[in-house]
Amino acid sequence: MTRLLIGIGAAALAIAVLAMAAALAGHSPADVVGVLFDGALGSPLAIRGTILKSIPLLLTGLCVVIAFRAGVWNIGAEGQFIVGAIAAWMGSPYGTIASMLAAAVAGAVWSSIATAMRLWRNAPEVLTTILLNFIAVHILGWVVNGPLRETSARYPQSDPAASALPQLAEIHAGSLISIATAIAAWWLLYRTTEGLRLRATGLNPSAARHAGINVPAQIARAMAISGAIAGVAGGVELLGVTHRLFERLAVGYGYSGIAVALLAGLHPLGSIASALFFGAFVTGAGELQRTSGISAAIATFGQAVVILAVVAAGALLTSRKPADA
Amino acid sequence: MLQLSHITKRFGQTLAVDDVSLSIAPGQIVGLVGENGAGKTTLMRIVAEELRADGGAITRPERIGMVHQHFAIVPEMTIAENLALIDRTAFRFLSLGSIERDAEATVQRSGIALGDVSRRAGELSVGEKSKLELIKAIAVDPTLLILDEPTSVLTPMESAELFGVIRDRTRRGTAVVFISHKVPEVLEIAQRVVVMQRGKIVADTPRAETTAETIADAMVTGARATSPAGSPARSTERSTPLLQVDSLALHRNEIVAIVGVAGNGQTDLIERLRATRRETRIGFIPEDRTRDAIVAEMSIAENLALGERRWSKRAGAARAKSLIDLYRIRATGPRQRAGDLSGGNQQKIVLARELDRRPEVIVAAEPTRGLDIEATRFVHEELRKAVAAGAGLLLITSDLDEAFALADVLHVIYRGKLSEPLTPATAAERAGRLMAGIS
């Protein structure tokens, strides 16, 4: 309940700060918010744009939810997204399902590199996952300039993938995949032994260990699941939207996933609302750039406000916990 | 000096402190006793300005030092660095040498022996850590010193040292509040005994006018549970031991106690025992409840299900409900956050979780530390029942009374080494000497 209020408050704050910034830059705050709103939800086309943006955001958000819940700071959704997209392209000649599976496996393998370094060499995953993002970006740059470059070799991009996700009402099936994943993640966390152990590991690893839970194995599985979801996000984006691989494929979906997860209070179902909010925010910001020349980077700014607000509210709440008498 | 009038504090549904008025004069030693959850710590944290009261007025003395039951030490830092942290000077250059010289002077002034101040705080024994906490509190030269269960991890000798320090402080006009539920101890040190029960002060008498029985009666609520007399009969049949490490052997229906001052290798021993028996689950009751046994943010039902092979939300809730009744856990229901319960009730959760699986071997480390009389008796009873039902119990404790009350066989652990097995009949004087390292 409190998490819901914090989320709504943070989202409102992001819009308010945005309007204030616009006022400082000489625009009318009401107009800016109006354009933002119209650009995101004002027409069927705008709504479609919002939903298309929300799909990868929901998946990367769920990736972060699962990892954070297990107490692992997976900041690597971006890299896992990218390797997922590459694997999906390579799997696409074998059909959509094979392509998606390949994306999930690639994401899981990529995140597991960080797990291995954490469990065996005690390397903090906050660093290793970020560094693996850079490696993934460079691998993508290399494949689209080299081995997977399109046959005409005109642009640094691949040929279109051999298969695509089916379209439902002009929106690709990734919408269903992402919502199903959110429900599955909720079910996993709150209705299964695996989820109970995963949450206990995140909240109090020592108590989890003493209660007989294999904490390293739990962390490894959570990271694999988390990476797989980000990999699927990359696969869905490739087979549903871009169809080709190119260097700026991820455009920060992985990092935005952190904002989605935090705004949702790390709740899988809350992530649906949170992803839609950010999807709308990004889409509206694009419209803002086209009509009033305010940079679409304002969306990133909004995300930062949300993250800060949620983290600050969380810190305030925990500092007031009652002591044991 | 300290003046509390009509102090009230609520945590959610619970009224932790209920309209309390109290005044303490300089140089006075006040024993504050009561069961777990009676509100002693909460009241004193309000005095120490760590919590804000919801209602009432307070006049505080100038400097207050409080020693908590839980350590507030940075384990990665040395003793000297930990002591340097209490310095409130706005800005100052520090060198390792000056920190250590200051620390040595501070330790000296406190009158407490602590040894080399360049040791890392994390490596100290529990007894030494609590001494460090006390030194930290005394270093500010407090006019009011609050000690929360300071003797729970100390040996009798260390407790005597602590009492000496307390008396010495009061001669300089410091008032001391001594929170405890060990009545004999309070009677030894306090000049005045204040009893709290469910957030209220129910008795406030000078030491000379009260007895252990009166205090105990005031502490415990009317609904004192009747306990079955004595321990149930045990089979004396000697089978192959369930567990064997060095000279220690644990059989079915047997309680083996390992007594020793905290920090003498108990942790290593526990880890070794767990390693020898990976295939069967050991029922394990860790020493540090909040760190090792309870996930405070999770519900009671979820805590009870930790480590279960199979779990479903509905079956888990039903099982939690029956365990809450069976183990008399005082809670609003299975969905209440475990972290909101008192220490005694948290320990009951751990007990319920670990014993309900009917483990062959139970390892219990300081299972009654910090618990009140009623909860202690309850824990002992449940452990005895499990042993009567066929389990073997390894009890690791620094409380000799507990060991003698429960154990069939005792070992003393000192600097990582186990003594020969002793029987309670022969151990009485020997155990105390072995614990202090005198053989």
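## Around B:Arg119

B:Arg119 comes out partly exposed, with a relative accessible area of 26% (buried is under 20%, exposed is over 50%, partly exposed is in between, using a 1.4 Å probe and protein chains only). Its side chain meets that of B:Glu128 in a salt bridge at 3.2 Å, N to O (the rule wants a side-chain nitrogen of Lys or Arg within 4 Å of a carboxyl oxygen of Asp or Glu). B:Glu128 is partly exposed too, at 22% relative accessibility. Elsewhere, salt bridges with shared partners tie B:Glu62, B:Arg63, B:Asp141 and B:Arg169 into one network.

Keep in mind that this is a predicted model: local features need pLDDT of at least 70, side-chain atom pairs count only at pLDDT 80 or more, and totals for chains, interfaces and linings use all residues. Residues are numbered from 1 along each chain as its sequence is written, chains are lettered from A and ligands numbered from 1 in the order in which they are written, and side-chain values use heavy atoms, leaving out hydrogens and water.

B:Arg119 also turns up beside B:Thr78: leaving aside neighbours within four places in sequence, B:Thr78 is in contact with B:Val117, B:Ser118, B:Arg119, B:Arg120 and B:Ala121 (contact means heavy atoms within 4.5 Å). B:Thr78 sits in the loop between strand 5 (64-67) and helix 2 (79-84) of chain B, and at 14% relative accessible area B:Thr78 is buried. Helices (H or I, at least four residues) and strands (E, at least two) are DSSP runs numbered from the N terminus.

## B:Gly127 and its helix

B:Gly127 belongs to helix 4 (residues 126-139) of chain B. With a relative accessibility of 1%, B:Gly127 counts as buried. Not counting residues up to four places away in sequence, B:Gly127 touches B:Val153, B:Leu154 and B:Glu158. From B:Gly127 to B:Ser152 is 25 residues along the sequence, but 9.1 Å in space, C-alpha to C-alpha.

Over all chains, the rule counts 28 salt bridges. One of them joins the side chains of B:Arg63 and B:Glu62, at 3.2 Å from N to O. B:Glu62 is exposed at 71%, while B:Arg63 is partly exposed at 31%. In chain A, A:Arg118 pairs with A:Glu125, the closest N and O atoms being 3.0 Å apart. Here A:Glu125 counts as buried at 5% relative accessibility, and A:Arg118 is partly exposed at 24%.

## Where the chains meet

Chain B and chain A bury about 2,400 Å² between them, 54% of it on carbon and sulfur atoms (buried area is the accessible area, with a 1.4 Å probe, that two parts lose on being put together, summed over both). In chain B, the residues that lose the most area to chain A are B:Asp292, B:Met298 and B:Trp311, together 20% of what that side buries. Chain B puts 33 residues into the contact, and chain A puts in 22 residues.

One salt bridge crosses this interface. A:Arg199 and B:Glu302 form a salt bridge, their closest N and O atoms 2.7 Å apart. On chain B's side, helix 1 (40-47), helix 8 (266-276), helix 9 (289-292) and helix 10 (300-305) are the elements that give two or more residues.

## Chain A, inside and out

Chain A has 13 helices and two strands, and buried residues make up 52% of its 325 residues. Helix 8 (residues 193-203) of chain A is largely enclosed by the rest of the structure, because nine of its 11 residues are buried. A:Leu196, A:Leu198 and A:Arg199 are among the buried ones. Their cover includes helix 3 (44-69), helix 7 (174-191), helix 9 (205-210) and helix 10 (215-242) of chain A, together with helix 10 of chain B.

On the surface, A:Trp73, A:Val126, A:Leu127, A:Leu131, A:Phe134 and A:Tyr255 make a nonpolar patch with about 580 Å² of accessible area together. Patches take residues with over 30% relative accessible area and no salt bridge, joining like charges within 9 Å and nonpolar side chains (Val, Leu, Ile, Met, Phe, Trp, Tyr) within 5 Å; accessible areas come from the Shrake-Rupley method with a 1.4 Å probe, and for residues only the protein chains shown count as cover. Helix 6 (residues 125-145) of chain A gives the largest share of the patch, four residues. A:Leu131 lies in helix 6, and is partly exposed at 49% relative accessibility.

## Two positive phi angles

Most residues other than glycine have a negative phi. A:Ala153, however, has a phi near 55°; A:Ala153 is in the loop between helix 6 and strand 1 (167-168) of chain A. B:Glu49 has a positive phi of about 65°, and lies in the loop between helix 1 and strand 4 (55-59) of chain B. A:Ala153 is partly exposed at 44%, whereas B:Glu49 counts as exposed at 59%.
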